[in-house]
Amino acid sequence: MWRIGFSFEKLGLAALRRPVLYSLILLALIFTSAFHVRNLKFDGSILSVLPDRSAAFKDYEQLKDKYRNFSRDVTILVESERLLTASGLEDLRNLHLDVSLADGVAKAVSVFSTPVFDPQTGELVDWFPEEFTSDADMMERMDGLIAKFPQVKSLFSKEQKVAVIVASLDISVQEDDKKSFLAYRSLRKTAEEVTPEDFKLSFTGLTPVGASILESLISDQTKLTIFGLIFGITIAFAIFRSFMAAILCAIPPALTALWAFGLFSFLGIPINYLTTVLPTLALILAFADGVFLYFRWQTLSSAEPDLDNNLIQSIIKVGPASSLTSLTTAVAFLSFAYAESEALKDFAYLGAGVVVLAFLAVIVALPLAIHWAIRLKLVHPGNTRPPMFQGFGRWARTIALARPMIISAIGIVLVIVFGIAQNWVTAEYKLVQYLPNKSDIRYGEELANKVIGGRALLLMSVPFENDGGFESPENRSRLEQVDKVVSEQFGAERVFSAWRVLQMLETDQARERITELASQADDSDKSDFISSDGKSALVTVRLSSEMPVAEVKLVTDKLKESLGKLAYGKDVQITGFPILMSVEFTKLINQLRTSLFLAIVLGILFLGIATRSPLIMLAAITPNLLPIFFVLFFLFMRGGTINLSEVVALTVAFGIAIDNAVHLINVYDIERKTGKETRHALSIAMEEAGPALAAGTIIICVSVLVTQISSLPVVPTLGHLIISTLIVALFGNLIMLSANILTLTKFTRRK
Amino acid sequence: MNRIYKVFVLIAGMSFLGYVPSQAMAQTASDFLKSLEGDFAGRGNAIVVGDKSQRIACKISSVFDIEAGALNVTGECAGTKGKSKINGGVTAVDDQVKGSFLSPRKGMTVTQSYGAYEGDRMQLLTSMVDENAGRLVKIKQVISKTEEGINAQFFTFSNASNAYEPTGEIILKASVKTDE
């Protein structure tokens, strides 16, 4: 007979026929996973999810090759009441010098590094004296420097009493996350050791951000796994009112988590800020499906004393639904493979992989665990009590079957209304959304945005007309023109380029000297202004990392338009982290939204194929669209934007939410095949599946609450959205799906 | 900027440069070189830009090879406008001490270096030619051991005053290396 689970549940029945053999196989899998877990890798890079073959990414990489990797810079913010005094500035200079000498640091830049050249000779002169004598003298010099170079404000804020030191890391460590994180930690240690007590240091930049995310990822894995299991066991205990039941239900999720880590490690794929949630999600899925199976077994065992036969019957009845729910969830994960990003493809395959592992844990490991518990007399006939939520199905039945047409109509209206609103939700990326909560890195990033206008760099590479470098009037003219265009848009005080120095030189001798110095300088010394081959110059603007991607796009488009008016405007390369993120994240999020709808279509299609019923497929559309559109409508009301993790959360939530429909349809399908008419079959299905669905939803929601303890903001957000989706999906699938089936059946009969 | 900076590096590295032919101090010079072994860091001043001295910081590591009687020095010095590496080596052979930079700046050739050791101080006099500018630069360094580390003083010969004038000083303290 055709069953909705494609007969994958037979694996569980096979395991019960040969319990020793299958137990040994499971043990081998456990030991293999445990062995591989030691080699688990983590990746804290915020760029790890970006497609590395896109045009924007190539521009970014090209500029790195020409100049240096600006995204590796570590920004140190120094706060002190003493910064406006001679002694405070002396300590700041000493800190600058010590930071310069930290391991892995190529150079450090602070207000003291501002290059001031003699306008006649082009020789470098030092603006600040060796000895800082009086507070008044120092402030006078500082004011003078700011008047000469307004950009200095981004390195020293008199009003906020904040100074900035930017440390560039050695080229040798720039392309290696591990080495650059080590260099950052060494730099941080050095700075904290030498800084006076009344100086408060904050660190930011993509390297500290990456290191901070990495630390959170590692601590999250332990926290989320352990607390996820504890939450699940507690709630299972409350539902089944049995300690042994709670322990047995904890076996599939514990094994799934272990196997998931083993899978990551075996494939050599590092856990990043997106995939970090996969082991926890797999654990939760295994809990939910395990509870359905155990629920059925305990319900049967409370009436029938043959525990072994009850176990077989439970697998036969719940197994197909578990199989199909695993398939739909795996399909939801696989939909991420539609995105261009290699990291999201990894996420897709790993996600599908852990879902399969969760299914194996439920359909093979749990029955075996129950089997051995029966053999060891840990569970006894007659000592099982009916689980909670027995009245939930009856309550839902009275609503759904009383006014099916009205409920179906309400469902259609809500889906249309929410569906229209969700179209207005736009993609968003803000770096701060990915920074660990309450971390000093977040504080540093926010302080940088507030005080110095941000540390994210918009970079413009101006190709020179000829080989003369800064000595060539044509080259200088190009730099001046681009500097002017950029200054008009952003304000002169936010623009950095060699033109700011060149315009002050009064003689050819001075310009020759500058060109000579530039040609002799090491790459690390000149890379802020001129390319290593001397054929192009750099103009940079600092932007706030809080700037929405839509605004970055507007800003960039306007800049491109203005530069396009120059004869060589199209050759000016515009890139930088904010642009990369605005282009790539917008594209990625939109691709993921397509993935989401792909997952919905495939999920419902699977349901149709599994049941071989177009009617059920049609009936499942509104109950499964409603939770997603409801959450998107909520996001629209909240501000109208959606970020990467929110789309991922919705897709995963859909994959879990459709499980409710599968379980209900599974029982309905069985009852229909026994000859019961639609209303009767639905009534039984709701009464039978309702309590398990309620228990499953509560277990998943409570277990998902564990995400709230993560220090990475994307993980709790993922939890919020999954919980919201599942709650709407529970009512949607139990009430609206049943109402739809009944309504459509009526229509079909009329025809 | 970088070129000027490397002049400073050259000067700083001179602390460990030498062709010290004094027969009387051979043993003592070798002992002295050995006493300079270790990791040191400190701050000081030097003429980095123009004719005014500026604050600098240095971090060096020196290893004395007993068999070769050589002190090898590596490290970095930084000012507020940049930093450079120091690579130096001084060898004591019998009654003589000699040495050279591993990576002297392009266009600067050391023509003569000699010195004397008295008490706990070593004085080195170095002459070099700036090939680009075509001028002779004469530098004197006075290196002494302190309770906490090393004191290095620098002087440059001024044709105007016909005397060595102070151009910098670095006070280096022994540092404890910590493993990451």
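1. Two residues are in contact if their C-beta atoms, placed from the backbone, lie within 7 Å. By that rule, 22 residues of chain B are in contact with 23 residues of chain A. The side of chain B that touches chain A draws at least two residues from each of helix 1 (2-13), strand 2 (38-49), strand 3 (52-65), strand 4 (70-79) and strand 5 (82-93) of chain B. Helices (H or I, at least four residues) and strands (E, at least two) are DSSP runs, numbered from the N terminus.

2. Strand 3 of chain B gives the most to that side, with seven residues. By type, the residues on the side of chain B that touches chain A are six nonpolar, seven polar and nine charged. Here Ala, Val, Leu, Ile, Met, Phe, Trp, Tyr, Cys and Pro count as nonpolar, Asp, Glu, Lys and Arg as charged, and the others, Gly among them, as polar.

3. On the source: this is a predicted model, in which local features need pLDDT of at least 70, side-chain atom pairs count only at pLDDT 80 or more, and totals for chains, interfaces and linings use all residues. Residues are numbered from 1 along each chain as its sequence is written, while chains are lettered from A and ligands numbered from 1 in the order in which they are written.

4. Chain A has 26 helices and 13 strands. Its C-alpha atoms fill a box of roughly 100 × 60 × 40 Å along the principal axes. Of the 751 residues in chain A, 56% are buried; a residue is buried if 20 or more other C-beta atoms lie within 10 Å of its own, exposed if 12 or fewer, and partly exposed in between. Among contacts in chain A with a separation of 6 or more, 82% join residues 24 or more positions apart.

5. Helix 15 (residues 440-451) of chain A has twelve residues and spans 16 Å from its first C-alpha to its last, close to the 16 Å expected at 1.5 Å a residue. The expected span is 1.5 Å times one less than the number of residues. Its buried residues include A:I441, A:G444, A:L447 and A:V451. The buried residues of helix 15 pack against strand 1 (74-79), strand 5 (156-157), strand 6 (162-169), strand 7 (200-204) and helix 8 (206-240) of chain A. After helix 15 comes A:G453, with a positive phi near 80°.

6. A:L155 lies in the loop between helix 5 (135-148) and strand 5 of chain A. A:L155 is buried because 21 other C-beta atoms lie within 10 Å. Beyond its neighbours within four places in sequence, A:L155 is in contact with A:S110, A:V111, A:A163 and A:V164.
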